[in-house]
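Visitor: I have a structure open and would like to learn how to read it. Could you walk me through its features?

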Amino acid sequence: MLGKRYILTMFTLVVAAAIITLGLKEAQAVPSFARQTGMNCMSCHTVWPELTPFGRTFKLTGYTLSKSGKKYQFPPPIAGLFQASFTHTNRRQPDATAPFNSSANDNVNLPQQASVFYAGKIYDKFGTFMQFTFDGVSNAFFVDNTDFRVANTGKLAGKHLVYGISFNNNPTVQDVWNSTPAWGFPYASSSVAPGPAAATVIDGGLGSQVGGAGLYAYWNNLVYAEVNFYRTAANSYPQFLSAGTHVDSVVDGVAPYWRLYLQHQKGKHTFMLGHYGLVSNIFPGGQTRGSSDHFTDIAFDAQYQYITHKHKFSIEATWIHEIQDWSASFALGDTGARYNNLDTARFNINYFYWSKYGTIGGTVAYFNTFGGRDRVLYAPDPVGGSRNGLPNSSGVILQAEYLPPIWERRTKIVVQYTIYNQFNGASSNYDGFGRSAGDNNTLYVLIWQMF
Amino acid sequence: MPKWINWFIITIFLGYALAVSPVAAFAQGQQIFNDRCAMCHGQDGKGNGPAAASFSPAPADFTSPGFWQGNVGQKITNTIENGHGPMPAISLSSNHIKAVIAYITKSFKP
């Protein structure tokens, strides 16, 4: 029975890819950044979305590098994305807990996601990466990752300086490294498989929930510094950045974000060592007034890249430590402890080989989230709960990728397998309803097309 | 043999000869340079293209005598194939790389 499902799934994915590819011929298959710069995808990406040194410069200078040198971009920099996927978990979920309109197992999401980008130069030194997404699982449109920039270059103490302003809707979406959460591995994962209950605020908790503006400077190819101030997108001027998304993490006042890193580049090698952080006050339960909970996120990250035409090797690592003060939620009885900690560590190794038959490679990744016990916040519940009140989840992701040598390698086929050692606090009967961490091991097959 | 077949063979031969001639390679190199290189290196090869100010170190100046020291053909080929510093690898066939080198050499070498 399962075999028939697999065949049906693969057939559907292949047909979808064929339809998209045929459609591309008429759309000229030109992503907007590539059209603007005249460069192909591998100039800015090792394997997209991981950035190369050139890609990082392109982003830091406001997405405005252009071969034409004109102050505007015509035709407008429009691009698209389409994802179709298949998800199989080791053990089906109870019907009552299967998310959205998905079935309890072996889900085909067609599309999982479809996006339109306005991405490139708007005018002179003003550019943007703006993503509008249709989520095929929740069946909704929303404003996804968005980053507006104004950037310039100059000299400071006789050395090269890039400086600018960023206005964006997700802390770390403006970052140029793939060790930070917004653009970190895995770049795509199942929307319907069970996921760990706990995550730090900076680890995607404020995506499309806030809008923030800030300043950044990058000096002498060595030091980068940035400060950004976010406020809720539930109302006021950042509201358009949350269009289509229900703002349930309402930030009280202003949440400062900061970023520092040191970079060194020598020939084909690039090293980065960095720090980033966020302090946020968030109203409990989507409220918009009253007292709020206080979170301090302090993170460190590192990345190494070795890039040649044929070989693309990189290592990315990050560690996020969150200090939690649940003063508002604790008073409401929504948490069992006022103070707590939550940590997330991630480490991944990537290698890709470029040949005329396509680009092939993959990633081995380790992840671990752990923190203090809270039997109210992490209560027993089928699939998503915790029997022992611990948020601990850890495991390994094995991922293989292939980019066929057609359409400038804008098609990506991904096979991803996630193996959990621990899920929401335990390996066996973690939810108090007899489910084991290994039951959530997930096979995820994705076709990802850029156009 | 009918005359038109002779003319056909001559035309094919001349077309092929023109296509692989240094003139054709130069024109092809110029087109590739303008499409893929001039954004940073500038249309006049001085390393002053529209994007040049964004990079440190600055893009190479092909009009500088210093650039032409050593095995330049090998240096350009290696840089195009593998990238160097902020310059990314550029996906070009070996014939296209030769065409670009021919164009750069003839147009910018002092």
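Visitor: Which residues touch the most other members of the largest nonpolar core?

Guide: Here is the general idea: in soluble globular proteins, nonpolar side chains tend to be buried together. In this predicted model, the largest nonpolar core has 47 residues, and A:Cys44, A:Ala119, B:Phe33, B:Val100 and B:Ile104 touch the most other members.

Visitor: What is A:Ala119 in contact with, leaving aside neighbours within four places in sequence?

Guide: The contacts of A:Ala119 are A:Ser32, A:Phe33, A:Tyr63, A:Pro77, A:Ala79, A:Thr128, A:Phe129 and A:Met130.

Visitor: How many residues does each chain bring to the contact between A and B?

Guide: Chain A brings 25 residues and chain B brings 21. On the side of chain A, α3 (41–44), α4 (53–60) and β5 (159–168) each supply at least two residues, and α4(A) gives the most, with 3. By class, that side of chain A has 16 polar, 7 nonpolar and 2 charged residues.

Visitor: Where in chain A does pLDDT stay under 50?

Guide: Where pLDDT is low, the predicted coordinates should not be read in detail. Here that concerns residues 13–30 of chain A, where pLDDT stays under 50 and the model has 21 contacts beyond four places in sequence. For chain A as a whole, the mean pLDDT is 91, and 92% of its residues reach 70 or more.

Key:
Residues numbered from 1 in each chain as written. Chains lettered and ligands numbered in written order. Predicted model: local features only at pLDDT ≥ 70, side-chain atom pairs only at ≥ 80, totals over all residues. Contact = placed C-beta atoms within 7 Å. Helix = DSSP H or I, 4+ residues; strand = E, 2+ residues; numbered from the N terminus. Nonpolar A, V, L, I, M, F, W, Y, C, P; charged D, E, K, R; others polar. pLDDT = per-residue confidence, 0-100. Core = buried A, V, L, I, M, F, W, Y, C linked by C-beta atoms within 7 Å. Buried ≥ 20, exposed ≤ 12 C-beta atoms within 10 Å, placed from the backbone.
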